[in-house]
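Please examine the sequence and the three-dimensional structure shown here before reading the report.

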Amino acid sequence: MTRIAVLTPDPADPSYAGQWPGVLARLSDALAVEGIETVPSPWTDHVEDASGLAGFALILPVVAWGYHRDHDRWLRACATWAAADLPVANPPSVLAWNSDKSYLGRLADRGVPVPPTVWTQGVTADQVAAAFAQTGAPQLIVKPTVSGGAWRTLRLSPGQALVDPPVGRAMIQPYLPTIETEGETSLLFFGGRLSHVVNKRPVDGDFRIQVQFGGLYAPLAEPPPGALETAERVLAAIDEDLLYARIDLAPDGTGGWLLMEAELIEPDFYLAHDPRNGAGFAQAVKARLSAPRP
């Protein structure tokens, strides 16, 4: 068996203790079919010193949940792994820039359709009022640029008090009501190939589609019209060596699609909704292991 490391959450953060072991088990089962053994290791054990990862044929950060709670340390870890020239996939450079949602602005500059966004160093009530006036949106979303799982994310209506807003860099976007009516669609790519597609919707009365908030997930036999083309535009705009990617899209209400997030660090692959039970991911990992490093 070829041994690879899978980076897991900080043991001091209990937020995901009930979730990540099951996700890792599904990944491990799929990889074992290809003769690959996974060794879990907290990412926080390798921030300043990468020697503990040096013996692995590949290092996957795919369960490093919670990094957004300790972002400065995450960036230091990415720099450490890059300096040690470890076989990390996705690459440490991607793990760094993808950890801050300001990358959406850079992708928009490259022609990727994203929701209109106000970027700020600190959300104020005046900025929210101006965004309502500028967009005409009936509701707005306010969230930190470094976040995960709808952490510190607010949905606001006109005149609603700005209570406990994100601290530091943040973003303000029009709320897309299509999230409730049509859901968000995730396209999973392994080794550059589309693997499977999952539709996610919030429960009635909520706007968050994450499973911890009761989000309703359903596999799709094929991407909705136009979604695959949009996802491929996103990947072309990124143009980096990606082993995996989850491209989250939402309908724009006029027949097009908007990029909500390009999840390139530790996305849930929704293997429970993958008709091949992760075989595509395992085959992409095996191919990466057999390919010469650039």
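## Basis of the report

The model is predicted: local features need pLDDT of at least 70, side-chain atom pairs count only at pLDDT 80 or more, and totals for chains, interfaces and linings use all residues. Residues are numbered from 1 along each chain as its sequence is written, and side-chain values use heavy atoms, with hydrogens and water left out.

## The parallel sheet

An open sheet is formed by 3 strands in the order β2-β1-β3, with parallel pairing. Helices (H or I, at least four residues) and strands (E, at least two) are DSSP runs numbered from the N terminus, and two strands pair if DSSP finds at least two bridges between them.

Strand β1 (residues 2-8) runs parallel to β2 and is joined to it by 7 bridges. Within this pairing, Ile 4 has Thr 38 of β2 as its bridge partner.

## Thr 38 in strand β2

Thr 38 lies in strand β2 and has a relative accessibility of 14%, so it counts as buried; the term applies under 20% relative accessible area, with exposed over 50% and partly exposed in between (1.4 Å probe, protein chains only). Not counting residues up to four places away in sequence, Thr 38 touches Ile 4, Val 6, Leu 24, Ser 28 and Leu 31, where contact means heavy atoms within 4.5 Å.

The side chains of Thr 38 and Ser 28 are joined by a polar contact of 2.5 Å. Such a contact is a pair of N or O atoms within 3.5 Å; within protein, one must be able to donate a hydrogen and the other to accept it, and residues adjacent in sequence count only if both atoms are side-chain atoms. Between Thr 38 and Gln 121 there are 83 residues of sequence separation and a C-alpha to C-alpha distance of 40 Å.

## Thr 120 in strand β4

Thr 120 belongs to strand β4 (residues 118-120) and is buried at 7% relative accessibility. Its side chain makes a polar contact of 2.9 Å with the side chain of Gln 127. A polar atom of the Thr 120 side chain also lies 3.0 Å from the backbone oxygen of Gly 122. Apart from residues up to four places away in sequence, Thr 120 touches Gln 127, Gly 168, Arg 169 and Ala 170.

Strands β8 and β9 pair in the antiparallel sense over 7 bridges, and Leu 187 has Val 197 in β9 as its bridge partner. The two strands form a hairpin with 2 residues between them, and Gly 191 in the turn has a positive phi of about 60°. An antiparallel pairing over 5 bridges also links β9 to strand β10 (residues 216-220), in which Leu 216 is the bridge partner of Arg 201.

Asn 199 lies in strand β9 (residues 193-201) and is buried, with a relative accessible area of 10%. A polar atom of its side chain lies 3.0 Å from the backbone oxygen of Glu 182. Leaving aside neighbours within four places in sequence, the contacts of Asn 199 include Gly 183, Thr 185, Tyr 217 and Leu 220.

## Aromatic pairs and charges over rings

The count comes to 10 aromatic pairs. Rings of Phe, Tyr and Trp (its six-membered ring) pair if their centres lie within 6.5 Å; planes under 30 degrees apart count as stacked, over 60 as edge-to-face and the rest as tilted. Trp 74 and Trp 81 form an edge-to-face pair, 5.6 Å centre to centre with 85° between the planes. Trp 74 is buried at 0% relative accessible area, and Trp 81 is buried at 1%. Phe 190 and Phe 281 form another edge-to-face pair, at 5.2 Å and 65°. This pair links distant parts of the chain, with Phe 190 in strand β8 (residues 184-190) and Phe 281 in helix α8, 91 residues apart; both residues are buried.

Ring pairs link Trp 43, Tyr 67, Trp 74 and Trp 81 into a cluster. Arg 73 lies over the face of Trp 43, 5.7 Å from the ring centre, and the charged end of Arg 155 sits over the ring of Tyr 175, 4.9 Å from its centre. A charge sits over a ring if NZ of Lys or CZ of Arg is within 6 Å of the ring centre and within 35 degrees of the ring normal.
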